[in-house]
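Subject: Structure for you to look at

Hi,

Here is the structure I promised to pass on.

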Amino acid sequence: MKPQRSSPKKISISPLNGYHLSVSPSLLSESSSVTGYGSHLNPTVICYQNELQIVSDDCATKKTPAQDNDVMGEVLKTHEAIQVITTLARDGPRKKVFMVIGINTAFSSRRRRDSVRETWMPQGEKLIQLEREKGIVIRFMIGHSATSNSILDRAIDSEAAQHKDFLRLEHVEGYHALSAKTKIFFSTAVAKWDAEFYVKVDDDVHVNLGMLATTLGRHRSKPRVYIGCMKSGPVLSQKNVKYHEPEYWKFGEEGNKYFRHATGQIYAISKDLATYISINQPILHKYANEDVSLGSWFIGLEVEHIDDRNMCCGTPPDCEWKAQAGSVCVASFDWSYSGICG
């Protein structure tokens with residue numbers, strides 16, 4: 001006779017976002033060392049009945065039409081539950097906020113960061129107050145240098161200690177690694193903050209925080225939105241040119257254009273899309289250009305693309321003209337390099 005296998009004892013955690021969560025000890029012990037996805041969790045089977053259960057043994061699942069209609073929603077809930085366990089073990093509960101703004105910056109961009117601090121980004125107690133009262137989190141996002149504890153890293157550590165406005169990423173900095181940095185930013189931000197929207201902005205962009213909040217607020221009821229200045233630039237097959245696309249052949253005949261995607265200077269995505277990136281980070285393909293990569297991740301998903309031209313005003317004269325016409329800019333930058341006018 002085969003020895004009878006005993007059922008694993010479960011640990012109950014309740015409440016969790018409206019669900020009762022039962023977790024096997026083996027999974028709980030692993031959850032502190034993984035980010036909620038990957039080969040560590042391959043044996044896990046997830047069943048939705050009257051409660052959300054995460055168990056390490058087989059379970060019988062009964063599909064209903066309602067479940068089939070919202071598979072992505074169930075996957076997102078599951079991932080969020082696993083993330084909550086991981087985050088609670090490491091940092092405590094995630095903070096619920098309205099939006100998280102990640103300002104992409106580099107080691108050499110100290111002057112740009114100081115310019116941002118002197119203009120649209122609050123400092124010190126005012127930055128904390130903005131988070132507490134308005135639910136708006138703003139951080140410069142940067143990874144590490146290829147050399148451990150280099151002079152570059154020490155300079156950022158010193159600046160971070162002074163201003164307390166950095167989000168350090170587990171990422172090796174490099175211009176050609178922007179797509180990877182974007183994935184890591186969204187994954188890190190989702191693990192740390194439970195936000196309605198996640199925004200990426202470059203450190204040479206001026207942002208009107210009030211208008212940004214108003215703009216995003218108009219789309220709060222929509223489940224999956226991708227907001228920015230949508231463009232469709234040419235696919236550059238020629239080598240040794242800026243924005244060369246090594247995988248140009250995937251886009252058809254020479255001279256074709258990319259699919260519509262938001263220009264990389266600033267864009268916002270809703271919670272479900274940021275969570276989707278976090279879940280699927282290891283298998284999301286990276287193209288040469290970061291904004292193209294982001295747009296490609298949403299191809300084939302039920303995503304609403306919102307083309308908001310107030311998110312890509314030009315330098316001051318353009319903003320003044322729009323203000324006179326009754327339309328206030330969300331963000332302004334030198335868009336002669338963005339391709340949105342082409």
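This is a predicted model: local features need pLDDT of at least 70, side-chain atom pairs count only at pLDDT 80 or more; totals for chains, interfaces and linings use all residues.

**The chain as a whole**

The protein chain has 342 residues, of which 47% count as buried. Its secondary structure comes to 11 helices and 13 strands. Among contacts with a separation of 6 or more, 71% link residues 24 or more positions apart. The accessible surface is about 18200 Å², and carbon and sulfur atoms hold 53% of that.

**The sheet**

Seven strands make an open sheet with mixed pairing, and their order is β7-β6-β5-β8-β11-β10-β12. On average, neighbouring strands are turned by 25° against each other, direction ignored.

Within this sheet, β5 (residues 95-104) and β6 (residues 136-144) run parallel and are joined by 6 bridges. There, I103 stands opposite F140 of β6.

**The cores**

Which residues have the most contacts inside the largest nonpolar core? They are M99, I101, I103, W120, I138 and L216, in a core of 36 residues. At least two residues of this core come from each of β5, α5 (125-134), β6, α6 (151-163), β8, α8 (209-217), β10 and β11. Apart from it lies another core, of 28 residues, including M141, W193, M230 and A262.

- M99 is in contact with G135, I136, V137, A195, F197, V199, L212, A213 and L216, leaving aside its neighbours within four places in sequence.
- I101 sits in strand β5 and is buried, with a relative accessible area of 1%. Not counting residues up to four places away in sequence, I101 touches W120, I136, V137, I138, R139, V199, V201, L209 and L212. One of these, V199, is 98 residues from I101 in sequence, yet their C-alpha atoms are 4.6 Å apart.

**Two helices with a buried face**

In α5 the buried residues are L127, L130 and E131. Seen down the axis of α5, they fall within an arc of 95°, so they line one face of the helix. The buried residues of α5 pack against β6 and α8, while the face turned away from them carries the exposed residues E125, K126, R132 and E133. After α5 comes G135, with a positive phi near 70°.

Which residues are buried in helix α4 (residues 110-118)? Here they are R113, V116 and R117. These fall within an arc of 100° seen down the axis of α4, so they too line one face of the helix. Their cover includes β5, β6, α6 and β7. The exposed residues R111 and E118 are on the face of α4 turned away from the buried side.

**Two buried loop residues**

H219 is in the loop between α8 and β10. Is H219 buried or exposed? With a relative accessible area of 9%, H219 is buried, because the cut-off for that is under 20%. Beyond residues up to four places away in sequence, H219 touches F197, V225, I227 and I306.

D308 lies in the loop between β12 and α11 (316-324). D308 is also buried, with a relative accessible area of 11%. Not counting residues up to four places away in sequence, D308 touches T215, R218, I227, G228 and C229. Of these, T215 is 93 residues from D308 in sequence and 8.9 Å away in space, C-alpha to C-alpha. Both H219 and D308 have I227 among their contacts.

Let me know what you make of it.

Best wishes

Note on methods: Residues are numbered from 1 along each chain as its sequence is written. Side-chain values use heavy atoms; hydrogens and water are left out. Two strands pair if DSSP finds at least two bridges between them. Helices (H or I, at least four residues) and strands (E, at least two) are DSSP runs, numbered from the N terminus. Axes are lines fitted to C-alpha atoms, for helices over the stretch in contact, and angles run from 0 to 180 degrees between N-to-C directions. A nonpolar core is a set of buried Ala, Val, Leu, Ile, Met, Phe, Trp, Tyr and Cys residues joined through side-chain atoms within 4.5 Å. Buried means under 20% relative accessible area, exposed over 50%, partly exposed in between (1.4 Å probe, protein chains only). Contact means heavy atoms within 4.5 Å. The arc is that of the directions from the helix axis to the C-beta atoms. Accessible areas come from the Shrake-Rupley method with a 1.4 Å probe; for residues, only the protein chains shown count as cover.
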